[in-house]
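My notebook is open and the viewer is loaded. I'll jot down what I look up as I go.

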Amino acid sequence: MDRNKGFITILIFLTLFLAISTASADDDKSYTIDQAFIDLTVGSSGLLHVDEQFDYTFKGSYNGVYRDIPLKSGEKIDNIKVSAVGAYPVLQESEENGQKHLKIYLYSDEAHTKKIHDCSVSVFISYDMKNVVTLFNDVGALQYKIWGDEWDVGVGKVITSITLPGDKNNTYYLNPDEYTVDKNSNGSTIVAETTSIPKGEMYEALVLMPLTDFKDATYAKHVNEDGKDKILKNLNDSISSRNFWNTTYLILGLLSILSPIGVIFTYLKYGREPKVDYDGIYERDLPSNDSPEVINAIIDNKNSIGTPNMKGFQASIMNLIDRGVLHMNIESDNKDLFIDFSNVDNSDLSLSEKSLINALYPFAENEILNLSSLNDKLSSKTNAKSFQEDYGTWLDHVKNECGDKKSQYFDDRGSTLISAIGFLGLAFGVIIAILGFITELGNGFVSVLGGGFLIVFSLALMFVPEDIFGRWTKEGRLFYLKWSNFRKFLKDNSLIKEHPPESIVIWKKYLIYGTALGVADEVFKSMKLHVSNISDYDDGIFLYHYYGGYYVFNQAFKTSESAANPSSDSGGFGGFGGGSGGGGGGAF
């Protein structure tokens with residue numbers, strides 16, 4: 001009997017050891033994209049054929065990789081094919097919100113039963129794109145992001161080949177130029193190689209071609225205006241702007257004299273936080289009874305304390321659902337989310353809550369708003385402007401609701417003084433720099449350099465969070481610390497594991513205020529771990545989160561911003577970052 005107990009004990013320890021080892025191995029996993037080969041072929045019909053090769057090195061186990069390809073208005077992608085060397089691929093593709101999403105599962109065996117592990121894999125993707133090549137009245141143009149800025153990691157190098165329909169009078173530009181280490185053209189083919197491109201950066205090609213190279217260009221986008229001069233102007237403006245900022249970043253470490261002294265003085269006098277009698281590590285309960293949009297405005301937006309953002313807007317929607325003012329439903333077949341306005345009672349609502357409903361209600365049909373259709377509705381310029389105006393009204397109402405609390409909790413004399421130093425420094429920096437340019441004296445260079453330092457330093461000050469040079473009052477500091485520790489509690493699953501909520505009602509509050517504080521995903525993950533029967537709760541708040549209400553609203557809001565301020569077809573063509581393609585990807 002004792003021997004059996006000993007055997008079982010050893011077996012348990014071995015199992016735990018293997019589980020811990022596996023978890024540790026998963027934590028240590030990583031991957032790189034060592035190099036990428038991008039081949040573009042422009043057909044005389046205007047069709048763009050794209051061949052991509054990404055050479056991955058995986059450390060640890062992975063299910064596969066994904067590739068996101070943005071599609072601008074009118075663009076189409078067809079004939080997608082995927083293959084791999086070093087693994088067996090299985091493709092899943094979908095398209096939503098103006099983006100083609102390719103999810104490529106990679107298996108180490110032909111039976112598709114084993115995940116890839118500690119290996120190198122080359123993934124090949126090919127596809128055709130329509131309405132990407134643009135034909136103006138005077139020139140054909142292709143602007144294409146060879147490497148997008150949405151990849152999860154950088155790339156070791158990119159080797160590009162662009163084949164054109166003709167071999168004469170082609171002009172090409174590669175930006176940003178500092179990434180190009182080699183480039184050449186034989187007339188009809190352009191070849192380029194880059195250095196490593198870090199995460200968050202893009203690499204783009206702009207090619208101008210004679211219109212005579214295109215025959216029956218049914219797959220091209222046609223714009224009835226001259227485009228060449230405007231394209232080149234946009235390109236030159238974009239390159240000039242990037243060069244300016246590259247220079248600016250280089251001199252950020254060099255400070256002018258008076259502005260830094262004023263900044264240090266301001267911080268010492270107004271920026272240091274008062275000491276409060278509070279040493280809490282976390283907060284389990286809501287630290288105050290303020291609405292989620294007010295908490296979002298005061299706690300989450302450090303750049304402009306008292307001004308809410310879209311997270312506050314969504315938290316307010318969830319709060320109204322929780323209070324029964326709005327009702328959330330889901331269509332069982334395609335999982336569309338619906339907001340029901342039919343039983344809205346405005347009598348107990350704040351001005352900001354009324355303005356929120358006014359912003360959404362015009363897009364409802366028969367008092368029912370289909371969130372899945374909101375993005376399409378806000379792509380209309382008229383609808384987008386209307387929504388942006390109503391959203392602005394909501395912002396103003398929330399700021400007014402925060403007014404007394406902000407003045408009671410936050411002393412903004414320091415941040416106001418820093419703003420003044422920034423604006424005055426910018427003006428004087430420009431003047432000093434101009435004087436340095438127009439003089440023939442040798443010290444003119446010093447004047448230019450000093451003016452440049454002052455301009456850069458002043459611009460940097462304008463983006464500093466408000467609570468760096470402003471400070472909380474003692475009461476406000478306590479308020480801020482408690483809400484920050486509440487956010488820490490929501491974000492840390494181990495803390496929730498030690499002190500889980502006692503009811504589903506508290507979980508809903510956590511999710512609402514977690515949305516306002518930017519940690520809603522962490523709250524929902526914790527809830528799935530600690531509430532065994534979460535699927536039994538057919539509640540609007542959980543439906544909103546589980547079926548992607550956040551994502552839908554964020555995309556719709558971005559669409560409304562773009563649609564409310566549209567540009568012409570050629571207005572942005574040629575400017576850096578305005579091309580088709582690009583996007584990004586990663587591993588999972």
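I started by counting elements: the protein has 17 helices and 22 strands. Both kinds are DSSP runs numbered from the N terminus, a helix being H or I with at least four residues and a strand being E with at least two. I'm working on a predicted model, where local features need pLDDT of at least 70, side-chain atom pairs count only at pLDDT 80 or more, and totals for chains, interfaces and linings use all residues. Residues are numbered from 1 along each chain as its sequence is written, and side-chain values use heavy atoms, with hydrogens and water left out.

Next I looked up burial. Of the 588 residues, 45% count as buried (buried is under 20% relative accessible area, exposed is over 50%, partly exposed is in between, with a 1.4 Å probe and protein chains only). I also checked contacts, meaning heavy atoms within 4.5 Å. Among those between residues at least 6 apart in sequence, 76% join residues at least 24 apart.

I took H12 first. Helix H12 covers residues 474–491, which is 18 residues, and spans 26 Å from first C-alpha to last, close to the 26 Å expected (the expected span is 1.5 Å times one less than the number of residues). I noted its buried residues, among them Phe479, Tyr480, Trp483, Phe486 and Arg487.

Then I went to H17, residues 549–564. Helix H17 has 16 residues and reaches 22 Å, close to the expected 22 Å. Its buried residues include Gly549, Tyr550, Phe553, Phe557 and Ala564.

**H5 against H8**

How do H5 and H8 pack, and at what angle? I read off about 85°, with the axes 11 Å apart. That makes H5 roughly perpendicular to H8. For the record, axes are lines fitted to C-alpha atoms, for helices over the stretch in contact, and angles run from 0 to 180 degrees between N-to-C directions. Under 35 degrees counts as roughly parallel, over 145 as roughly antiparallel, 65 to 115 as roughly perpendicular, and the rest as oblique.

At the contact I found Met310, Gly312 and Phe313 of H5 meeting Phe387, Tyr391 and Trp394 of H8. By class, that contact has 5 nonpolar, 1 polar and no charged residues. The classes go like this: Ala, Val, Leu, Ile, Met, Phe, Trp, Tyr, Cys and Pro are nonpolar, Asp, Glu, Lys and Arg are charged, and the others, Gly among them, are polar.

**Salt bridges**

How many salt bridges are there? I got 15, where a salt bridge is a side-chain nitrogen of Lys or Arg within 4 Å of a carboxyl oxygen of Asp or Glu.

I picked out lysine 405 and aspartate 290, which form one at 3.2 Å, N to O. Lysine 405 sits in helix H8 and aspartate 290 in the loop between helix H3 and helix H4, so the pair ties together parts 115 residues apart in sequence. Both residues are buried.

Aspartate 322 and lysine 509 make another, with the closest N and O atoms 3.6 Å apart. Aspartate 322 is partly exposed at 25%, and lysine 509 is partly exposed at 28%.

**Single residues**

I clicked on leucine 337, which is in strand S17 (residues 337–340). At 3% relative accessibility, leucine 337 counts as buried. Asparagine 370 is 33 residues from leucine 337 in sequence, yet their C-alpha atoms are 6.0 Å apart. Not counting residues up to four places away, leucine 337 touches a list that includes Ile330, Leu369, Leu543 and Tyr547.

Proline 210 is in the loop between strand S14 and strand S15 and is buried at 16%. Its C-alpha is 5.5 Å from that of valine 139, 71 residues away along the chain.

Which peptide bond did I note as cis? The bond from asparagine 175 to proline 176, with omega near -5°. Proline 176 is in the loop between strand S11 and strand S12.

Histidine 112 has a positive phi of about 60° although it is not a glycine. I found histidine 112 in the loop between strand S6 and strand S7, partly exposed at 35%. Glutamate 367 also has a positive phi, near 65°. Its place is the loop between helix H6 and strand S18.
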